[in-house]
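I opened the model to look at its ligand and its pockets. My notes follow.

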Amino acid sequence: MTLITTDDLKALFARIAEAMVREKDHLCELDGVIGDADHGIAMELGFSAAAKAVSELDSTTSDPTLVFNTAARSFLNAVGASSGPLYATAFMRAGAAAKGKSSLNDDDIVEVFAAFAKGIQDRGKAEVGEKTMVDAWAPAAAACRAARDQGLPLAECLAAALRAGEAGADATKDMIAAKGRSSRLGERALGHMDPGAASAVAVIGCFREHFTP
Ligand code: ADP
Ligand code: MG
């Protein structure tokens, strides 16, 4: 079993920030169709700020909870869009799930991942089927937990999470939005993927890559 340290979590945030730079234009395009075209900017700004803030922490004295709490604060400060408080809450919950631990094991990462997804759901009060990032995060977290319960290694749990998240994001194309900006569009949102679900898949993909040996 691998031991995940503060340095590993710093590297995870750096990896996600890099992915958001790559995904920025695509996410803005998706948000341009059913929202206000800023989702890629929000995610890039938020994760860049979070990655920078956590990189400046002293790894010898900073535990995983401090990494997540620092990320939450900087993401929230950097992002004015609705994704700001959603991801900030995810990080806070991840930090709470890691509380009291100087490093994390594979089971802890499964708990962190589940807490992360639940934070988004609790903050935004969206259910699956309402065409939001929850349509990717909730099935991903459930698949991750189910795979772990079957005794699979972390990398396979996160691969299952990614598959479920991708399927959930794909399913948002056939949904009418019930939460967020695109809910004003009614049936005109049909046929288009939710940008928050698309970025969630990119974030989940980073978790999978990062914890695959
Ligand atoms: P804004 O809509 O303020 O411009 P963003 O463009 O950054 O914010 O994010 C839009 C995404 O936020 C949507 O695609 C959707 O996935 C997500 N979202 C909006 N409202 C909620 C909510 N209540 N719960 C979960 N996700 C939400
Ligand atoms: Mg937007």
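Which pocket is the space taken by ligand 1? I found that ligand 1 takes up the space of the largest pocket. A molecule sits in a pocket if more than half of its atoms lie within 2 Å of the grid points. A pocket is an open set of points on a 1 Å grid over the protein atoms alone, where a 1.4 Å probe fits, with protein on both sides within 12 Å along at least five of seven lines; lining residues have an atom within 4 Å of a point.

I noted the ground rules. The model is predicted, so local features need pLDDT of at least 70 and side-chain atom pairs pLDDT 80 or more, while totals for chains, interfaces and linings use all residues. Residues are numbered from 1 along each chain, chains are lettered from A and ligands numbered from 1 as written, and side-chain values use heavy atoms, without hydrogens or water.

Ligand shell. I looked up the 19 residues around ligand 1 (a heavy atom within 4 Å). Ser82, Ser83, Gly124, Met133 and Asp194 come nearest. The shell divides into six nonpolar, seven polar (Gly among them) and six charged residues (Asp, Glu, Lys and Arg). α2 (39-55), α4 (83-97) and α8 (195-210) each supply at least two shell residues; helices are DSSP runs (H or I) of at least four residues.

Polar contacts (N or O pairs within 3.5 Å). I checked three oxygen distances. The side chain of histidine 39 has an N or O atom 2.9 Å from an oxygen of ligand 1. A polar backbone atom of serine 82 lies 2.9 Å from a ligand 1 oxygen. For methionine 133, a backbone N or O atom is 2.9 Å from an oxygen of ligand 1. Alone, ligand 1 exposes 570 Å² (Shrake-Rupley, 1.4 Å probe), and the protein buries 92% of that.

Second largest pocket. I read about 220 Å³ here. Of 13 lining residues, Thr2, Asp106, Leu154, Phe211 and Pro213 are closest to its centre.

Notes:
A polar contact is a pair of N or O atoms within 3.5 Å; within protein, one must be able to donate a hydrogen and the other to accept it, and residues adjacent in sequence count only if both atoms are side-chain atoms. Grid points are joined across faces, edges and corners, and a volume is the space filled by probe spheres set on the points.
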